[in-house]
Amino acid sequence: MALHVPRAPGFSSMLKEGARHFSGLEEAVFRNISACKQFANTVKTAYGPNGMNKIVINHIEKLFVTNDAATIIRELEIEHPAAKLMILASEMQEQEIGDGTNFVIMFAGALLENAEELLRLGLTPTEVSEGYEVALAKALEILPTLVVDEVKDPRNINEVKRAMRTSIMSKQNGNEDFLAELITKACVSVLPEETSFNVDNIRVCKILGSGLFSSEVINGMVFKRGVEGDIIKKSKAKVAVFTCAVDIAQTETKGTVLIKTAEELKTFSRGEEHILEEQIKAIADAGVDVIVAGAKFGDMALHYVNKYKMMAVRLNSKFDLRRLCKTVGATALPRLTAPNKEELGYADSIYVDEVGDTSIVVFKLEGKESRVSTIVIRGSTDNYMDDIERAVDDGVNTFKVLSRDGRLVPGAGAVEIELAHRITEHGNTLSGLEQYAVKKFGTALESFVKTLADNSGVKSNEVISKLYAAHSEGNKNAGFDINGNGEILNSKDENILDLYLLKFWGLKYATNAACTILKVDQIIMAKRAGGPKPRQGPADEDD
C-alpha cells in the first residue's frame, strides 16, 4: 500500500499538483518589479539616435538586427506575467501612435524602480500608485502648455518634413533629412480631401543593391516580378483584373467523350481553342490593354493575349490584387468575361523595369492625386533594408498623427526635464504620503535624459544638472545635444520636435501599466496543460 504524504496546509493545498502560488511583498511585488526592471534595461540601450542594435533570433530562426523596441518585443516571446502587462501597454501605444513603444517600457520600468525604494521605506503599494496617478494628472495638465509649434496644413511638405525628422532620426541617425523628404512626398500625394489618412496606402518595395540614396517614390504600385507575355510597356492603359486563371475553363464534373475518327479529334480540340480565343477577343474588344490575373496564364491563353497585343501580369497575392484594384480603380472579376466600362481600371503607364538585377512591374499614375504610393528602398543587405522599412513605418505613422493633431513639443529630453522640474515642485506643496510618490514620478522622468546621455557616452549627472539649471531659468526648450560633449541646445531652434500625442498617450499608458503591476499582491499559476514536447536539438555525435 502506497504511503499517503499529506500536502502542506494553506492556499497551495487547494490547487492542482504542479500549480505555483506567490504572495506578499517579497514574493509577488518585488519579484514583478525586478522582472520589469530587467526587461526595461534590455530595451533602454536601444533608445535614441545613438541607441545600440540588438540581434534577435525568433522561434522560426529568422534573424533581426534592429534598435526598434516594437520589433524586439514582438519577436521575443516574453512569458513573465508582469512584463507582459508592460508589453500590452507598449502595444497599445503602437496601435494608437505607431511610435514611442520604447518610451512606454522605459518609463514604466523607471516608475517601478522608484516605487521599489518607497515600498522598502514602508509605503504601501496603494499609496504609491495613488501618488503616481496624482502626478500623471498634473503632467497631463502641464503638457499642453509646453507645445512650441503646430503643423496646421498636413499638405505643406516643409512643415511636415520638419515634424517628421525626429521620429526617423531615432532609427536612422544621419539619413533623416533624405528619408523625411521621401516619406513626406509619398504621404502628401495620397492624402485624401475628406476622409482620414490610411497608413496602408503607403507601400514599401525593397530591392537589393545600390545604396539608400537611390531610393525613390512612385505614385502607384511596384511589384517585384516580370510579365507573362511579350509586351512590356503600355501607356494610358485600361486594366482588367481577374481573380481566376486565364486559361481553358475546367468543367466541374468529369465526363467521357467517345471519339471515333481523326476528324472528330481535330475538331474537339479546335472547339476548346475557339472558345478561349472568343473570350480573349471579347476582353480585347472591350478596350483592355493590360490583363492582371490572380492565377496562372495557360500557354494557349498567353498566345491569344500576345496576338491581341495585350500585356499580361500575374500577381499571386490576393492582397496585392485588392491594393492594385484600389490603385487603378478596377473591379476584380471572378470569371473570364469581358469587363464593362465601370469594371475597368486606368493607369498612365505600366512598364517593366530592371532595378539592380531585379525585374519589376510598375503601375504608375502621373496625376498629383493617387490612391496608393510606393517607396522603393535600395540597400546593400536585407537586414539594413528591413531597418529602413521600420524607419519609414514610423515616419508614415507620424504623418497619420499629424493629420489628426499637429501639435509638437520640444524633443531631446526637454519636455521630460520640464515636467520633472514642475512635478517635483508640485510634490513639495502636497501634505500626505503621496508627495513622496509624486516626487519619484519626477525622478522617473529624468531616466530618458540619463539614457540619452549614457547611450552617447556622456556623464548623465552633469547633463541633468545643466538641464535643470537651464529650465529653472525659464528656458523650457533646453534639451541634450547628443552630438556635443554633454552640451545643451534649444530643441525648437534645432528642429528636434516630438508629437504632443506621443507624449500624452505614452505617459498615460506607462503610468497605468506601472500602477496595475504595483497593485498585484498574488500570482497564482495553474499547472500547464500537457502539449507536445519541446523540439529537441540535433543529437550529439557521441550518442
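Is Lys503 buried or exposed? Hi everyone, let me start there, with the reminder that this is a predicted model.

At a relative accessibility of 4%, Lys503 counts as buried, because the cut-off for that label is under 20%. You'll find Lys503 in helix 16, which covers residues 500–518. So what does its side chain meet? The side chains of Lys503 and Glu416 are joined by a polar contact of 2.7 Å. If we skip neighbours within four places in sequence, Lys503 touches Phe103, Leu143, Val409, Glu416 and Asp498.

Keep Phe103 in mind, please, as one of the contacts of Lys503. Phe103 also belongs to an aromatic cluster, together with Tyr47, Phe107, Tyr132, Phe441 and Phe448.

On to the rings, then. The structure has 11 aromatic pairs. Take Phe107 and Phe441: their ring centres are 5.3 Å apart and their planes sit at 85°, so this pair is edge-to-face. Phe107 is in helix 4 (residues 101–121) and Phe441 in helix 13 (residues 434–445), so the pair ties together parts 334 residues apart in sequence. Phe107 is buried, at 0% relative accessible area, and Phe441 is buried at 0% too.

Last stop, the surface. Which residues make the nonpolar patch of about 300 Å²? Those are Ile55, Ile57 and Leu63. Ile57 comes from strand 2, residues 54–57, and with a relative accessible area of 54% Ile57 counts as exposed.

Notes. Residues numbered from 1 in each chain as written. Predicted model: local features only at pLDDT ≥ 70, side-chain atom pairs only at ≥ 80, totals over all residues. Heavy atoms only, no water. Helix = DSSP H or I, 4+ residues; strand = E, 2+ residues; numbered from the N terminus. Buried < 20%, exposed > 50% of the residue type's maximum accessible area, 1.4 Å probe, protein only. Polar contact = N/O pair within 3.5 Å; in protein donor to acceptor, adjacent residues only side chain to side chain. Contact = heavy atoms within 4.5 Å. Patch = residues over 30% accessible without salt bridge, like charges linked within 9 Å, V, L, I, M, F, W, Y side chains within 5 Å. Areas by Shrake-Rupley, 256 points an atom, 1.4 Å probe, with all protein chains shown as cover. Salt bridge = Lys/Arg side-chain N within 4 Å of Asp/Glu carboxyl O. Phe/Tyr/Trp six-rings, centres within 6.5 Å; stacked < 30°, edge-to-face > 60°.
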